[in-house]
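Please look over the model shown here before reading on.

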Amino acid sequence: KMESEGLTGKKTFSAEEFKERLVKNGFSLPDMNEIKAQKEFQRQKKIKATKEAFFAMVRGKYMAEAESSADPESSMISDKEPEEEKKDKPERVHYAAKMQLYQYLDKIPSDLYPKWLMYAIPEGTKCFIIACDGATTLRDKNGFFLMKINTLLPNGGGEVKGKAKTILQGVYSKRDNIIYLTEVMMWADELLIDGSAEYRILFIHTKLKEKVALFNTFSGENEVMFRAPQIFECSKSNLNVLYYGLFMQIATPASLPSLEGLALYIKSHNLVALLKLENAELTNPEVQKRICCAFAYDNTGNPYLKDGLAFIHREGVFFMGYSEYALQWKDHLVSPYYDSILQTPMIAYLNMSREKQLLTHDGFIIDKTDPEIDALPAGKVYKFAYTNMSLSDPYAKLDDLKYLGPSNKFVWSSISHLTFKLIAKRNMLPYHIIFQQIEMQEHSFVPKPQLTFLILSD
């Protein structure tokens, strides 16, 4: 139609002109108000479900959940698992998939500046931290038990015992025996999931600052150290600092001892092979860049190894499962495991629902034609290989879908995870694209006018 009307040479159209031509050529335009209302309805529904699940978790009602999943057909635990893991199953089911998980950045939000915050994700095990009954328990995102320790969290084993409960999320670095706190849901029975992400992050940093001497010291009452990543407003200058780290200041003499300190940290923690720095010379600018980009700094100014960048919406509420207000992004400089994404086959963990639909964690329905896949028992998670994908919300097609076997995961793949693998392999969202988008948003941003109230008197 555009060619017949001689419009193909025209570079730009106004929004109204474009709509008029769509209608003229027989296209029906969606009602944007209705779409927004549906999205808000789904958002409120998800918030309500999160609160209900969270309150059930806090009250400790996991036995009922365990009994409901005791059917061998619905169990995700193999009979061959150790007896101690079977005993832990009720609590594992209870805490599984209750974390707020980050979707992968597969498209750039239009309001990164000024409505988002960012930080460097620490390398380590993402975990729940539950302090209650005079002990602190760590569990991973699938609910598996990691360890039980004493900490100075409220009622976590280092203070007077009580009934208060504290629940946080973080990343446990076994290498340094440090937990980097990234999220708080409850602190000493004070519920915080209704607060904005900005408030929850500020709450964590305030608590760590109040007890910095305690949380930053190893003792019998505090068997791990607690820290938090430095938080940045999402701007082009801050993104450069977060991405390149010390490399931004490498020309200054004062930065050289810090660079040598990072090199010493790499050697003392056996990170040379992980960061692919064998036979590397510290005087080489490319080596300096790789070292600097690999590390970020916590709230105490100490370095830690990165595993990607996180983008958090300031006003985002807490969601159990994958959240559209919490995003992550990686490349070969800010994640030591990024290259494995490029080198390994495309793998998807998918859930077979009771209705015999193959689903991603965020509800996309996977097209399946293989009789072997159709015959798989419902209520379980399975591992698949694929080569490519295409989307048509709420459906997704994974090309050459091949069944590889069962999985004991409670958290399976999201559609953004599968999409990001393709983006990574094709290098479709490099760092400079994100930087340019934020730069454009900064230039086009118009601050809202501030209201000024005048009090007039006689």
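The sections below go from the whole chain to single contacts.

## Basis and overall make-up

This is a predicted model, in which local features need pLDDT of at least 70 and side-chain atom pairs count only at pLDDT 80 or more, while totals for chains, interfaces and linings use all residues. Residues are numbered from 1 along each chain as its sequence is written, and side-chain values use heavy atoms, with hydrogens and water left out.

The protein contains 15 helices and 20 strands, taken as DSSP runs (helices H or I, at least four residues; strands E, at least two) numbered from the N terminus. Of its 458 residues, 47% count as buried, where buried means under 20% relative accessible area, exposed over 50% and partly exposed in between (1.4 Å probe, protein chains only). Among contacts (heavy atoms within 4.5 Å) between residues at least 6 apart in sequence, 67% join residues at least 24 apart.

## Nonpolar cores

A nonpolar core is here a set of buried Ala, Val, Leu, Ile, Met, Phe, Trp, Tyr and Cys residues joined through side-chain atoms within 4.5 Å. The largest has 34 residues, of which Leu239, Tyr243, Leu309, Phe311 and Trp329 touch the most other members. Elements giving two or more residues to this core include β12 (303-313), β13 (321-329) and α15 (431-444). Apart from it lies another core of 22 residues, among them Leu138, Met147, Phe215 and Ala228.

Phenylalanine 311, not counting residues up to four places away in sequence, touches a set of residues including Leu105, Trp116, Met118, Cys234, Leu239 and Trp329.

## Charged pairs

The structure holds 10 salt bridges, each defined as a side-chain nitrogen of Lys or Arg within 4 Å of a carboxyl oxygen of Asp or Glu. Glutamate 123 pairs in this way with arginine 175, with the closest N and O atoms 2.8 Å apart; the two sit in loops and are 52 residues apart. Glutamate 123 is buried at 11% relative accessibility, whereas arginine 175 is partly exposed at 32%.

Arginine 227 and aspartate 298 form another salt bridge, their closest N and O atoms being 3.3 Å apart. Because arginine 227 lies in strand β9 (residues 225-227) and aspartate 298 in the loop between β11 (295-297) and β12, the pair ties together parts that are 71 residues apart in sequence. Arginine 227 is buried, with a relative accessible area of 8%, and aspartate 298 is also buried, at 0%. Elsewhere, Glu198, Glu233 and Arg314 are linked in a network of salt bridges.
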